[in-house]
Amino acid sequence: NMWAQTWHDRLDDVIPYPDAPLINITKVLIEKKFSIHQLYTMGESFFTSIGLYPMTPKFWARSLFKKPIDRNVVCHGSASDMGYHDDYRVEICTEINDDYFYTVHHEMGHIEYYMAYSEKQPFVYRGGANSGFHEAIGDTIGMFAISPASKFFLSFRGAPAIIPPYSIR
């Protein structure tokens, strides 16, 4: 689209082994009884494992992680730098499935971007030079999160960690 979003739709064009079966992430999440909170802590673990920032206490206290039952909200995933003392938030009406697993990582990628630019930068420079680049970073992280080589698959004992064609030889 015009914001350079939805790169994951190109996966069929670039997947190296199109005949190899992919793991059904939704099925694994449901079988392992994953909670919405666990999707976010797994995302945070991914970012900290590559040397990026943990989410802030305000992120955990003020983000909207699931659809409230008492009011209507916009459920399209979004990430925001509130511009005030480590106040970063996501608004996602998260469900337990592969799309939201991807979206959680994508939106948390935006938060990481905001945190990286918040140190010693005037507010005007925190949004990034190009929204397309911002989206490309989020999509790259999201696509890795759902790839057969990601930490997600390695974290489950008993589930195939990496499908053989995807292993590095």
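Q: Contact means heavy atoms within 4.5 Å. With that cut-off, which residues is His106 in contact with, leaving aside its neighbours within four places in sequence?
A: The model is predicted, and the contacts are read from its atoms. His106 is in contact with Glu135, Gly138, Asp139 and Gly142, once its neighbours within four places in sequence are left aside. His106 itself is found in helix H5, residues 98-118.

Q: Is His106 buried or exposed?
A: The general idea is to compare the relative accessible area with a cut-off: buried means under 20%. His106 has a relative accessible area of 6%, so the residue counts as buried.

Q: Which residues does UniProt list for "binding site"?
A: An annotation of this kind is taken from a record, and the model shows where its residues lie. The UniProt entry, which is unreviewed, lists His106, His110 and Glu135 under "binding site". These residues are spread over 30 residues of sequence, yet they cluster in space, with a largest C-alpha distance of 8.3 Å.

Q: What does the side chain of His106 make with the side chain of His110?
A: The two side chains make a polar contact at 3.0 Å. His110 also has its place in helix H5. Its relative accessible area is 5%, and His110 is therefore buried.

Q: Which residues does His110 touch, not counting residues up to four places away in sequence?
A: His110 touches Ala79, His134 and Glu135 on that count. Glu135 is also in contact with His106, so that the contacts of both histidines include a further residue of the UniProt list.

Q: At what angle do H5 and H6 pack?
A: A helix pair is described by the angle and the distance between the axes. H5 and helix H6, residues 131-145, pack at about 135°, and their axes are 8 Å apart. Angles over 145 degrees count as roughly antiparallel and those from 65 to 115 as roughly perpendicular; H5 and H6 are therefore oblique to each other. H5 passes H6 in a right-handed crossing.

Q: Which residues in H5 meet which residues in H6?
A: On the H5 side, the residues are Phe101, Tyr102, His105, His106, Gly109, His110, Tyr113 and Tyr114. Those they meet in H6 include Phe133, His134, Glu135, Ile137, Gly138 and Asp139.

Q: How do H3 and H5 cross, and what is the handedness of the crossing?
A: The axes of helix H3, residues 36-49, and H5 come within 9 Å and cross at roughly 50°. H3 and H5 are therefore oblique to each other, and their crossing is right-handed. Leu39, Tyr40, Met42, Gly43, Glu44, Phe46 and Phe47 in H3 meet Phe101, Val104, His105, Met108, Gly109 and Glu112 in H5.

Q: Where is Gly109, and which residues does Gly109 touch beyond four places away in sequence?
A: Gly109 lies in helix H5 and is buried, with a relative accessible area of 3%. Beyond four places away in sequence, Gly109 touches Phe47 and Ile141. Phe47 is among the H3 residues that meet H5, while Ile141 is among the H6 residues that meet H5. The C-alpha atoms of Gly109 and Glu44 are separated by 9.5 Å, although the two residues are 65 residues apart along the chain.

Q: Is Glu112 buried or exposed?
A: Glu112, also found in helix H5, counts as buried at 4% relative accessibility. Leaving aside its neighbours within four places in sequence, Glu112 is in contact with Phe47, Leu52, Tyr53 and Met55.

Note on methods: Residues numbered from 1 in each chain as written. Predicted model: local features only at pLDDT ≥ 70, side-chain atom pairs only at ≥ 80, totals over all residues. Heavy atoms only, no water. UniProt positions renumbered as here; feature names shortened; annotations may be inferred. Helix = DSSP H or I, 4+ residues; strand = E, 2+ residues; numbered from the N terminus. Buried < 20%, exposed > 50% of the residue type's maximum accessible area, 1.4 Å probe, protein only. Polar contact = N/O pair within 3.5 Å; in protein donor to acceptor, adjacent residues only side chain to side chain. Axes fitted to C-alpha atoms, helices over the stretch in contact; angles between N-to-C directions. Parallel < 35°, antiparallel > 145°, perpendicular 65-115°, else oblique. Left-handed = near helix turned anticlockwise from the far one by under 90°.
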